[in-house]
Structures are given as C-alpha cells and as structure tokens.
Amino acid sequence: MDYKALASSVGNRDGYGTQEWVYRVLRTGIINGTLPGGMQLKQDEISAALNVSHIPVREALRQLEAQSLVTIHPNRGATVTELTREMLINIMQVRAAIQTAMLEIAIPRMTDADFEALDHIIHDQHETKGLMESEVLNKEFHDRLIARAENPFAEMMMEIIHANIDRYLRSGFYSEESAREYSAAEHEAIVAACRRRDIPEAVKLLHAHIMDAVVRIPSTVR
C-alpha cells in the first residue's frame with residue numbers, strides 16, 4: 001500500500017499534531033476506499049511510510065476503532081472494518097432516526113438564509129458530474145438541513161455514520177447520473193416541505209430518502 005501517496009492527497013502536517021495527521025491520512029483512505037474493508041493495517045509499514053514513530057500510529061488506530069472504522073484484534077493487529085449488508089441497513093435505520101428527530105427540531109428555526117443555502121447546494125448537485133464532488137454536496141445538504149437543531153452530540157454521531165456507510169454507497173449512489181438526479185429531486189421535495197413548515201411530510205420524505213439508499217448497497221456486500 002502506498003501510504004505516501006495517500007498522505008500527499010491529505011496534505012502536510014501543518015496545523016496538526018503527528019497523531020491527528022496520521023489519523024486523518026488513514027481515515028481519508030478508509031472513507032474514499034483506498035483502504036478497503038478487511039485490509040490489514042500494519043503499524044510498521046505505516047510508521048515507515050509516513051516517517052513517524054509507532055506511538056502516533058497506534059493511537060490513531062485506536063481513535064479509528066472508536067469510530068468503528070478499524071477493528072483491532074488482540075495479538076493480530078488492526079484491519080479496516082468490513083460491514084455486512086445487515087449492519088449497513090441497521091446503520092441507515094439509526095441514521096434515519098437521528099436525522100428525522102433533528103429535522104423536527106430544526107424546521108421551526110429555519111430562516112430564509114438556510115433555504116437559500118439548501119437551494120444553492122441542490123443547484124450544484126444538478127450541475128456536478130464528479131463522483132467525489134457529488135458525495136461532498138450530498139453531505140453538505142444533509143448537514144445544513146439539520147444544522148438548526150444545534151445538537152453537537154447528534155452531529156458527532158452523524159459524522160461517524162457517514163464515514164462508515166458512504167464508502168459502501170459511493171459507487172452506486174454518486175457515479176450514476178440518474179441516481180444523482182433522483183437524489184437531488186428528493187432533496188428539493190424535502191426542502192419544499194420544510195418551507196411550508198410541514199414537519200410530518202418533511203420527516204416522512206427524509207426517512208424514505210435515507211432508506212432508499214438500501215437498494216444502492218453493492219451486490220458484493222453480503
């Protein structure tokens with residue numbers, strides 16, 4: 001594995017401690033699929049490639065384990081966590097429950113500026129063709145949609161959920177133009193319900209939108 005190339009895509013260590021930088025390098029590799037599920041993460045190899053000691057690598061792996069992105073096996077080292085289809089569905093159910101609960105709180109607090117920002121994101125979704133750019137815009141939409149709930153703990157949970165499931169859904173959800181357009185259209189319907197302050201309808205649409213992603217789980221995931 002070319003950890004040096006992965007590190008160069010993340011950038012240098014400026015502004016980060018060594019452990020935080022190693023964590024960001026490995027986390028980026030896991031999320032974008034460069035480090036696939038089931039891959040062994042060898043501390044010696046990582047520390048040599050990144051020119052750091054074993055200590056920040058070990059601590060970074062523990063931090064990733066806390067986010068369920070890495071599994072550490074006693075006496076056998078660490079591997080990138082590999083999720084089953086059932087686990088992915090369970091995670092999406094949790095995601096739907098958290099996001100809809102936050103949306104209920106957020107809707108009465110939304111301002112014209114919030115709706116303008118959401119409209120802008122949807123416009124960019126229609127214009128963007130790139131896989132990674134589409135993924136970023138999708139996350140921006142969902143983050144902005146529930147931002148007015150102002151619940152840092154729930155936001156932290158959502159960050160962990162995105163990191164775990166998006167790496168599995170990316171190819172099916174963001175690479176096909178029809179899938180991107182369908183997603184953007186669903187976003188438009190959700191925003192329209194929010195504008196009307198129709199909380200039950202917005203919550204129903206958001207829940208369906210999230211669970212629609214089940215069909216995007218790759219057939220290779222069992």
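This is a predicted model: local features need pLDDT of at least 70, side-chain atom pairs count only at pLDDT 80 or more; totals for chains, interfaces and linings use all residues.
The expected span of a helix is 1.5 Å times one less than its number of residues.

Start with α10, residues 199–211. This helix has 13 residues. From its first C-alpha to its last, α10 reaches 18 Å, close to the 18 Å expected at 1.5 Å a residue. At its start, a side-chain oxygen of Asp-198 comes to within 3.2 Å of the backbone nitrogen of Glu-201. Six names make up the buried list of α10: Ala-202, Val-203, Leu-206, His-209, Ile-210 and Met-211. An α-helix has 3.6 residues a turn, so residues three or four places apart point the same way. The buried residues of α10 pack against α5 (85–106), α7 and α9 (177–195).

Two of those partners can be checked by the same rule. The 22 residues of α5 should span 32 Å at 1.5 Å a residue, and its end C-alpha atoms are 31 Å apart, which agrees. The buried residues of α5 include Leu-88, Ile-91, Met-92, Ile-98, Met-102 and Leu-103. Arg-95, Gln-99 and Thr-100 are also among them.

Helix α9 has 19 residues. Its end-to-end reach is 27 Å, close to the 27 Å expected. Among the buried residues of α9 are Ala-179, Ala-184, Ile-190, Val-191 and Cys-194. Arg-180, Ser-183 and Glu-186 are buried there too. After α9 comes Arg-197, whose phi is positive, near 60°.

Now look at one residue of α9. His-187 sits in this helix. Why does His-187 count as buried? Its relative accessibility is 0%, and buried means under 20%. What does its side chain meet in a polar contact? The partner is the side chain of Asn-138, at 3.4 Å. Setting aside residues up to four places away in sequence, His-187 touches Ile-122, Gln-125, Asn-138, Phe-141, His-142 and His-209. His-209 is itself one of the buried residues of α10.

Next, the open space. The largest pocket holds about 420 Å³. Of the 18 residues that line this pocket, the closest to its centre are Arg-27, Ile-31, Glu-135, Lys-139 and Glu-159. The most comes from α7, with 6 residues. By class, the lining has 6 nonpolar, 3 polar and 9 charged residues.

The second largest pocket has a volume of about 170 Å³. Its lining includes Ile-30, Gly-33, Leu-35, Pro-36 and Gly-37. Glu-82, Leu-83, Arg-167 and Tyr-168 also take part, as do Pro-218, Thr-220 and Val-221. By class, this lining divides into 7 nonpolar, 3 polar and 2 charged residues.

Is Trp-21 buried or exposed? Trp-21 is buried, because its relative accessible area is 6%, and the buried class lies under 20%. Beyond its neighbours within four places in sequence, Trp-21 is in contact with Ala-7, Gly-11, Asn-12, Arg-13, Tyr-16, Leu-50 and Val-52. Trp-21 and Arg-62 are 41 residues apart along the chain, and their C-alpha atoms are separated by 14 Å.

Compare Ala-5, in helix α1 (residues 3–10). Ala-5 counts as partly exposed, because its relative accessibility is 38%, and this class falls between 20% and 50%.

Finish in the loops. Asn-51 lies between α3 (43–50) and α4 (54–66). Its phi is positive, about 60°, although Asn-51 is not a glycine. Asn-51 is exposed, with a relative accessible area of 66%. Asn-75 is found in the loop between β2 (70–73) and β3 (77–80). Phi of Asn-75 is also positive, near 65°, and this residue is not a glycine. At 84% relative accessibility, Asn-75 counts as exposed, because exposed means over 50%.

Definitions and conventions: Residues are numbered from 1 along each chain as its sequence is written. Side-chain values use heavy atoms; hydrogens and water are left out. On a 1 Å grid over the protein atoms alone, a cavity is a set of points where a 1.4 Å probe fits but cannot get out, and a pocket is an open set with protein on both sides within 12 Å along at least five of seven lines; lining residues have an atom within 4 Å of a point. Grid points are joined across faces, edges and corners, and a volume is the space filled by probe spheres set on the points. Helices (H or I, at least four residues) and strands (E, at least two) are DSSP runs, numbered from the N terminus. Ala, Val, Leu, Ile, Met, Phe, Trp, Tyr, Cys and Pro count as nonpolar, Asp, Glu, Lys and Arg as charged, and the others, Gly among them, as polar. Buried means under 20% relative accessible area, exposed over 50%, partly exposed in between (1.4 Å probe, protein chains only). Contact means heavy atoms within 4.5 Å. A polar contact is a pair of N or O atoms within 3.5 Å; within protein, one must be able to donate a hydrogen and the other to accept it, and residues adjacent in sequence count only if both atoms are side-chain atoms.
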